[in-house]
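Dear colleague,

Please find below the structure that I am handing over to you, with its sequence.

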Amino acid sequence: MRLQDKVALITGAASGIGRETALLFAKEGASVVVADVNDAEGQETVRQIELAGGKAVYVHSDVSKAADCEHMVNTAEATFGKLNVLFNNAGIMHGDDDNAVTTEEAIWDLTMGINLKGVFFGCKYGVPALRRAGGGSIINTASFVALIGAATPQIAYTASKGGVLAMTRELAIIHARENIRVNALCPGPLRTELLMNFLNSEAKKQRRLVHIPMGRFGEAKEIAYAALYLASDESSYVTGTEFVVDGGITAAYVTPE
Ligand code: NAD
């Protein structure tokens, strides 16, 4: 198994990428800390892992709150004895996030608080735990919109993901000699609740689909497999990267018919 004896903490693990990754990591031998604000669905992730014979625990954690992030890391160490993998994955894409003129300050602050400050808090409390474990892997979920501009405006979201990318590079350099690797995962458009709720009409979905060379939305599981590689020792020489899993969208100028 690829994550035998490892302990992984995954934020936003009640849904989408986070849940698929939690299930996959557990299948590959990891003990998983499922962190989220959606208690019912977070506990459902744990139930599914346990049903399949894996080990997991749920912890309520709003990643925009320092005390919650400290608590989730403490929970990992208290329950499973250590922390080896930190997947800062929780994020939102608010329906009122639009262009610079129309987006309210409150939406900007909310988005930054979860998507960007949440990653900072994860690392603030996670890095000391990884040090105590002798090193480890941090994976931060950014997005393809951190690399190219999207024609459907989501100014706060895009800016937050650009911040995640920049922060990831610096973290990778600062902690490289501590055996802590830090990589950003840049998913393309996925068929998860987050994006399907945002692209809430067929016309909006088609507008996005037209840019994807593969002609389809990605699946959360396709991101989970990338996270598995970055979490495992197979990626032991990989740090500071923008790991793109996007159906070719960032490579495309014009997509095939
Ligand atoms: P999702 O909505 O299915 O899951 C997100 C999870 O985060 C939910 O369980 C939600 O409850 C949780 N969450 C929200 N606010 C939180 C908070 N304050 N604290 C803790 N948990 C919180 O979305 P997803 O598509 O799986 O997205 C996961 C990550 O991937 C996000 O960071 C998102 O920005 C990123 N991403 C998604 C896409 C896409 O197309 N879906 C593309 C690129 C990047």
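By class, the shell around the ligand is made up of 14 nonpolar, 11 polar and 3 charged residues. Please bear in mind that this is a predicted model. In total, 28 residues surround the ligand, and the closest are Ser15, Asp36, Tyr157, Leu190 and Thr192.

An oxygen atom of the ligand lies 2.5 Å from an N or O atom in the side chain of Thr192. The backbone is involved as well: a polar backbone atom of Val63 is 3.0 Å from a nitrogen atom of the ligand, and a backbone N or O atom of Gly16 is 3.5 Å from an oxygen atom of the ligand. On its own, the ligand has 840 Å² of accessible area, of which the protein covers 92%.

As to its location, the ligand sits in the largest pocket. Helix 1 (16-27), helix 5 (155-174) and helix 6 (193-198) are the elements that give two or more residues to the shell around the ligand.

The largest pocket itself has a volume of about 910 Å³. It is lined by 40 residues, and those closest to its centre are Ser15, Ala90, Gly91, Ile92 and Leu194. Two or more residues of this lining come from each of helix 1, strand 2 (31-36), helix 5 and helix 6. By class, the lining of the largest pocket divides into 18 nonpolar, 15 polar and 7 charged residues.

How many cavities of 30 Å³ or more does a search of the whole structure find? The search finds 1, and the largest cavity has a volume of about 40 Å³. Its lining consists of Thr11, Val63, Asn88, Asn89, Ala90, Ile114, Gly118 and Val119. Helix 4 (residues 105-132) gives the most to this lining, with 3 residues. The lining of the largest cavity holds 4 nonpolar and 4 polar residues, and no charged ones.

With kind regards

Definitions and conventions: Residues numbered from 1 in each chain as written. Predicted model: local features only at pLDDT ≥ 70, side-chain atom pairs only at ≥ 80, totals over all residues. Heavy atoms only, no water. Near = heavy atom within 4 Å. Polar contact = N/O pair within 3.5 Å; in protein donor to acceptor, adjacent residues only side chain to side chain. Areas by Shrake-Rupley, 256 points an atom, 1.4 Å probe, with all protein chains shown as cover. 1 Å grid on protein atoms, 1.4 Å probe; cavity = no way out; pocket = protein on both sides within 12 Å on 5 of 7 lines; lining within 4 Å. Sits in = over half its atoms within 2 Å of the grid points. Helix = DSSP H or I, 4+ residues; strand = E, 2+ residues; numbered from the N terminus. Nonpolar A, V, L, I, M, F, W, Y, C, P; charged D, E, K, R; others polar. Points joined across faces, edges and corners; volume = space filled by probe spheres on them.
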